Amino acid sequence: MSFDQEWAELKQNAATRMRLNSAPTLETNPTPTRNEDLIVNDEELGKIGHAAYLLHRNLTADATHAQRQSEAAGKSLQGDGFAIGDALSKFTGAWKKQVGTLLDGCAHISNHLDYSINSSRKEDESIETNIRASKISEYLDVRNEENSPPKPNDGPIM
């Protein structure tokens, strides 16, 4: 089979599996809902955020242990005149930067998901309150400024 034939077959297989505006749910018995583009449960976000937090916590402990050991080995090897000691010291510097980037990413994910859950909850409460208030207004005879009768001149009250 030529590359072009194989590529065309792979594209065709991918096209048959592709589903736009949907994603598989994690529920064992998913219930059909309206035609939403994206549905995210707080519980699912919480699990992802917690996993990011655990990764951050464990990586912090494990990475610093590995870094200290590597720095000590690099200094020891340099002191004994081995060129690999300098390379190991440079490697631990790069390791520290990469671990820092990964830790920042984990913290960002965890914090952002916490913020998203709280922000979404507050937004839902605000929308619910606004809907309730609009329903109340339908049942009350609330006049706006355009439809209200003219006010009498306010004179002195005796």
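View 1. Gln67 has a relative accessible area of 13%, so it counts as buried (under 20% relative accessible area; exposed is over 50%, partly exposed in between; 1.4 Å probe, protein chains only). This is a predicted model, where local features need pLDDT of at least 70, side-chain atom pairs count only at pLDDT 80 or more, and totals for chains, interfaces and linings use all residues. Numbering starts from 1 along each chain as its sequence is written, and side-chain values use heavy atoms, with hydrogens and water left out. Gln67 sits in helix α2 (helices are DSSP runs of H or I, at least four residues, numbered from the N terminus). Leaving aside residues up to four places away in sequence, Gln67 touches Thr92, Trp95 and Lys96 (contact: heavy atoms within 4.5 Å).

**View 2. Helix α2 from end to end.** With 38 residues (42-79) at 1.5 Å a residue, α2 should span 56 Å, and its end C-alpha atoms are 54 Å apart, which agrees (expected span: 1.5 Å times one less than the number of residues). Besides Gln67, the buried residues of α2 are Leu45, Gly49, Ala52, Leu59, Ala63, Ser70 and Gly74. Just after the helix, Gly81 takes a positive phi of about 90°.

**View 3. Helix α1 and the confidence picture.** Helix α1 (residues 3-17) has the lowest mean pLDDT among the elements of the protein chain, 80, while α2 has the highest, 86 (pLDDT: the predictor's confidence in each residue, from 0 to 100). The protein chain averages 76, and 69% of the residues score at least 70.

Definitions and conventions:
Helices (H or I, at least four residues) and strands (E, at least two) are DSSP runs, numbered from the N terminus.
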